[in-house]
Amino acid sequence: MNYVLLGPPGAGKGTQAKNIVEKFSLVHLSTGDMFRDAKKSDKNISSLISAGKLVPDEVVIDMVKGRLHNEDIVKNGFLLDGFPRTVHQAQELDDMLRTENKKINAVFFIDIGNEEAVRRIAGRRVCVCGASFNVVMMPPKKEDICDFCGGALVQRSDDKEDVVRERLEIYDKQTKPLIEYYKNSGILVEIDGLKDEKHVFQQISEYIEKSRR
């Protein structure tokens, strides 16, 4: 079984993806992780991400295509997180899967609204040790200090409010049409992302369990 996770920045896709792949033994294909790895060695990708802009379709498609043939995906199925982001990417993904006699079984759309997205993302703080906090939702015990290593917490450049709003503008123009694309395909599952993390996961899990019976 193969699934796609959609939603605006800040919808909690990464957290839900981790829960889903652990429970259902799927392979997590996160383009965000792919981009962060590429950012270290590709200045063009680094500048695009820092400015909150989308990486060109052809670059993303090639990244994903390279992973779809891996044995773990063939055996277990996958959860795509961060791709597709445009209708063109969705069409390319459908073509890729069709050649392998595969398909997307469901697309989970976690909806939270733009203002909630800004509130969540602009509140994020990270540490060099890898820990992550949120001044609104999960604040550290001491302001701007990591609970785990005592290091300074910082706001990533792509988490600043002006960049977040630009990302949401791009999302509205290029990614929202995907909702209609998958709705018309009959595989869109709308998830209330304003619920707490546990209830968001419950909504997704119940659908997957029901569809596998």
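By buried I mean under 20% relative accessible area, with exposed over 50% and partly exposed in between (1.4 Å probe, protein chains only). Strands here are DSSP runs of E with at least two residues, helices are runs of H or I with at least four, and both are numbered from the N terminus.

A note on what I'm looking at: this is a predicted model, in which local features need pLDDT of at least 70 and side-chain atom pairs count only at pLDDT 80 or more, while totals for chains, interfaces and linings use all residues. Residues are numbered from 1 along each chain as its sequence is written, and side-chain values use heavy atoms, with hydrogens and water left out.

I found an open sheet of five strands, ordered 2-3-1-4-7, with parallel pairing. Two strands count as paired if DSSP finds at least two bridges between them. Strand 2 and strand 7 (188–192) are at the edges with a single partner strand each, so one side of each has no neighbour in the sheet. From one strand to the next the twist averages 20°.

Then I went through the pairs. Strand 1 (residues 3–6) pairs with strand 3 in the parallel sense over three bridges, and V4 has L80 as its bridge partner in strand 3. Strand 2 (residues 27–30) runs parallel to strand 3 and is joined to it by four bridges; V27 stands opposite F78 there. Strand 4 (residues 106–111) and strand 7 also run parallel, with five bridges, and I noted F109 opposite E190 in strand 7.

Which strands does helix 1 lie across? I get strand 1, strand 2, strand 3 and strand 4, with the helix running at about 175° to strand 3. Axes are lines fitted to C-alpha atoms, for helices over the stretch in contact, and angles run from 0 to 180 degrees between N-to-C directions.

**Cores**

F78 turned up again in the largest nonpolar core: of its 32 residues, F78, L93 and Y182 touch the most other members. A nonpolar core is a set of buried Ala, Val, Leu, Ile, Met, Phe, Trp, Tyr and Cys residues joined through side-chain atoms within 4.5 Å. I listed what L93 touches, not counting residues up to four places away in sequence: V4, L68, L80, F83, P84, I104 and Y182. Apart from that core lies another, of 24 residues, among them L26, A106, F108 and A117.

I also checked T31, which is found in helix 2 (residues 31–39). T31 counts as buried because its relative accessibility is 0%. Leaving aside neighbours within four places in sequence, T31 is in contact (heavy atoms within 4.5 Å) with V60, V64, D81, G82 and F83.

**Aromatic pairs**

How many aromatic pairs does a search of the whole structure find? Four. Rings of Phe, Tyr and Trp (its six-membered ring) pair if their centres lie within 6.5 Å; planes under 30 degrees apart are stacked, over 60 edge-to-face, and the rest tilted. Y181 and Y182 make an edge-to-face pair, 5.2 Å centre to centre with 80° between the planes. Y182 is buried, at 1% relative accessible area. I also see Y3, F108 and Y207 linked into a cluster by ring pairs.

**Salt bridges**

The structure holds 14 salt bridges, each a side-chain nitrogen of Lys or Arg within 4 Å of a carboxyl oxygen of Asp or Glu. I picked out K23 and E209, which meet at 2.9 Å, N to O. K23 lies in helix 1 (residues 13–24) and E209 in helix 10 (residues 197–212), so this pair ties together parts 186 residues apart in sequence. K23 is partly exposed at 42% relative accessibility, and E209 is partly exposed at 32%.

R120 and E116 form a salt bridge of 2.8 Å, N to O. They are four residues apart in helix 7 (residues 114–122), so about one helical turn separates them. R120 is buried at 11%, and E116 is buried at 18%.

Last, K176 and D172 meet at 3.5 Å, N to O. K176 is partly exposed at 40%, as is D172 at 28%.
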